[in-house]
Amino acid sequence: MQLFSYHLIRAPLTSVATRLLFTAKLRRTPGLRHAECLLPMRMGHAVTRPGRYRWNTLAMFAFWDDETHLDQFLESPPYAIFRRPSWHIRMRFYRRWGSYAGLESATEHEAEPEGRVVAVTLARLRLTETFRFARWGKPVEALVRDHPQLIHGAVAFRPLGTFSTFTVWESERAMLGMVRGAGEVGKEHRNAMVERARRPFHYEFTTMRFVPLSEHGEWPDRPRLTPGD
């Protein structure tokens, strides 16, 4: 069965920067259909604040043929950075909106999640829309960060122009409540969606939803995310 994973790896800045820019060996990894290496950021912080950026951490979002290939990758990774202290979550994909190159072959699974759900967005930004995107995106980040039913939220990027969010919610209902909102609740998100429809920020964009399956490793200052933990 197809599998997705989201990884956080502690490493020196030079190692993180190298993997953000050079990932050719990942494309030759058996069973790895697609991977995005990204620099994590603190959600809701101003883009000009140095404290927004987690310079010593690499995030990777990955799409696998199956769990066996992920296990083989972890046992014998193509780059030394993936042997460093890390954490990852394994997920089953069940719903998507939009499209993104490299993820088209992901198969949606019937699901009516009753517990926690994970949402991942990926976008390739039109560079001419950078400042406009930051203006409309900051209040949405704050809305998500402060939502009472958000378990964990993070944003990440890769130069130049790739952005992602990773959020874990108490339930699908809670996540959809934030997205759709009513009155003042969710106003920032609705306004940003209207603005995006008026003139797109991105030339490629997708939102994907997942059921969390299992969590591996430890990460400081973050609660356990998988069911029952």
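Buried here means under 20% relative accessible area, exposed over 50%, and partly exposed in between, with a 1.4 Å probe and protein chains only. By that cut-off Trp64, at 0% relative accessibility, counts as buried.

Some ground rules. This is a predicted model, so local features need pLDDT of at least 70 and side-chain atom pairs count only at pLDDT 80 or more, while totals for chains, interfaces and linings use all residues. Residues are numbered from 1 along each chain as its sequence is written, and side-chain values use heavy atoms, with hydrogens and water left out.

Now the aromatic residues. Rings of Phe, Tyr and Trp (its six-membered ring) pair if their centres lie within 6.5 Å; planes under 30 degrees apart are stacked, over 60 edge-to-face, and the rest tilted. The whole structure has 13 aromatic pairs. In one of them, Phe61 and Phe210 have ring centres 6.1 Å apart and planes at 70°, so the pair is edge-to-face. Phe61 sits in strand S3 and Phe210 in strand S8, 149 residues apart; strands are DSSP E runs of at least two residues, numbered from the N terminus. Phe61 is buried at 1% relative accessibility, and Phe210 is buried at 0%.

Back to Trp64: its ring centre is 5.2 Å from that of Phe73 and the planes are at 55°, so this pair is tilted. Phe73 is also buried, at 3%.

Phe61 and Phe210 also belong to one aromatic cluster with Phe4, Phe63 and Phe93.

Last, the cores. A nonpolar core is a set of buried Ala, Val, Leu, Ile, Met, Phe, Trp, Tyr and Cys residues joined through side-chain atoms within 4.5 Å. The largest has 37 residues, with Leu26, Leu58, Phe82 and Trp169 making the most contacts inside it. A second, separate core of 25 residues includes Met91, Tyr100, Ala156 and Val168.

Note on methods
Helix = DSSP H or I, 4+ residues; strand = E, 2+ residues; numbered from the N terminus.
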